[in-house]
Amino acid sequence: MPHSLILNLLPVAPIPSQFLTGRHLHALFLNLVSAVDSDLSAYLHDQSNEKAFTLSFFQVSRKEVAKSSTPQTQKRVLPAAARPIFPALQWENKQAIRENTPIWWRISLLDDGLFDRLTQLWQQLNFDRPWHLGPTDLYITNILSEPQSNQPWVNFCSYAELFDRASDTERQIAFSFCTPTNFRQGVYDSAMPTRESIFGSLANRWNKYSEIAIEPNFIESIFPSFFDIRTEVSTDSRSKFIGCVGEVSYRIMGDVNPVAIKQINALADFALYSGVGRKTPMGMGMTRRLQNF
């Protein structure tokens, strides 16, 4: 069952910026899992592709960011003015997160077979235990697992429900790429969100974890109708990641049967949980479908 949840965290000391990278947060997540199920942690670590989870970067409220003495220390993408206002996402920190700063952290789970074990993880976590991130201890203050009016990144839905609820008539599909999004093409990477890259990525993850197969034979019926994107670079001491952020809209064109339209819409709705492209277990490729107006 795809599940997108939020962990609220509180650090008791500053978190240096070098420990706020995707690979450090990836390691922290596996440590959380290992505390209650070491076999599951090892399994998740050893998955070579299409891992069963995605992560966000640590997110700090705008009010806390505004207190910083150095402007624009966190890169973020803001939604277009015509869209509902969702919290902006940060994907790069140039300075430490201060002590006692509330943080939220999105974790999504994709594997139906592991869902029960992963659900038990949140029920068994010790809220009085400090978790280590670099030289810093931080505490989990609560976990949001049910939809929240003020937190659009929390939701859950079975694959069957996602498919059943998907429209078989809606032809307009809009995505917001909220953190840098990049796709593997052969031996190289591309930051261009083509229809093949997006829907191929979604279909691969859907088919790995769902019993409802979707073969993306409908790609040629999907055409871009609007785009407002830019490239962004996220760097750490080890690597440089170049991806796109912003919005892209696609339209289903031509004589397309309702089943194919339903499959396209199901994959688009699934993007909230799965993300698209590379390094989603390290904060990249966070994507959500935008509602049409």
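## Rings, strands and salt bridges

Ring pairs tie Phe175, Phe177, Phe199 and Tyr250 together into a cluster. Here, rings of Phe, Tyr and Trp (its six-membered ring) pair if their centres lie within 6.5 Å, with planes under 30 degrees apart called stacked, over 60 edge-to-face and the rest tilted. Keep in mind that this is a predicted model, where local features need pLDDT of at least 70 and side-chain atom pairs count only at pLDDT 80 or more, while totals for chains, interfaces and linings use all residues. Residues are numbered from 1 along each chain as its sequence is written, and side-chain values use heavy atoms, with hydrogens and water left out.

How far can you trust it? pLDDT is the predictor's confidence in each residue, from 0 to 100. The protein chain averages 86, and 89% of the residues score at least 70. Helix 7 has the highest confidence, at 96, and strand 4 (residues 74-77) the lowest, at a mean of 47. Over residues 68-85 pLDDT stays under 50, and the model has 48 contacts beyond four places in sequence for them (contact means heavy atoms within 4.5 Å).

Now to the aromatic pairs, of which there are nine by this rule. One of them is Tyr159 with Phe270, a tilted pair at 5.6 Å centre to centre and 55 degrees between the planes. Tyr159 lies in helix 5 (residues 159-165) and Phe270 in helix 7 (residues 258-274), so the pair links parts that are 111 residues apart in sequence. Helices (H or I, at least four residues) and strands (E, at least two) are DSSP runs, numbered from the N terminus. Tyr159 is buried at 2% relative accessibility, and Phe270 is buried at 0%. For these labels, buried means under 20% relative accessible area, exposed over 50% and partly exposed in between (1.4 Å probe, protein chains only).

Phe175 and Tyr250 make an edge-to-face pair, 6.5 Å centre to centre with 65 degrees between the planes. Phe175 sits in strand 10 and Tyr250 in strand 14, so this pair ties together parts 75 residues apart in sequence. Phe175 is buried at 0% relative accessible area, and Tyr250 is buried at 2%.

What about strand 14 itself? Ten of the 13 residues of strand 14 (residues 240-252) are buried, so the strand is largely enclosed by the rest of the structure. Strand 10 (residues 172-181) runs antiparallel to strand 14, joined by seven bridges, with Ser176 opposite Glu247. Strand 13 (residues 222-235) is also antiparallel to strand 14, through 13 bridges, and Pro224 has Tyr250 as its bridge partner. Two strands pair if DSSP finds at least two bridges between them.

The structure holds six salt bridges, each a side-chain nitrogen of Lys or Arg within 4 Å of a carboxyl oxygen of Asp or Glu. Among them are these:

| Salt bridge | N to O distance |
|---|---|
| Glu92 and Lys94 | 3.5 Å |
| Asp189 and Arg184 | 3.0 Å |
| Arg289 and Asp269 | 2.9 Å |

Glu92 is buried at 5% relative accessible area, whereas Lys94 is exposed at 52%. Arg289 is buried at 13%, while Asp269 is partly exposed at 25%. Shared partners also join Arg184, Asp189 and Arg278 into one salt-bridge network.

Finally, two charges over rings. The charged end of Lys262 sits over the ring of Phe163, 5.7 Å from its centre, and Arg288 lies over the face of Trp153, 4.7 Å from the ring centre. The rule asks for NZ of Lys or CZ of Arg within 6 Å of the ring centre and within 35 degrees of the ring normal.
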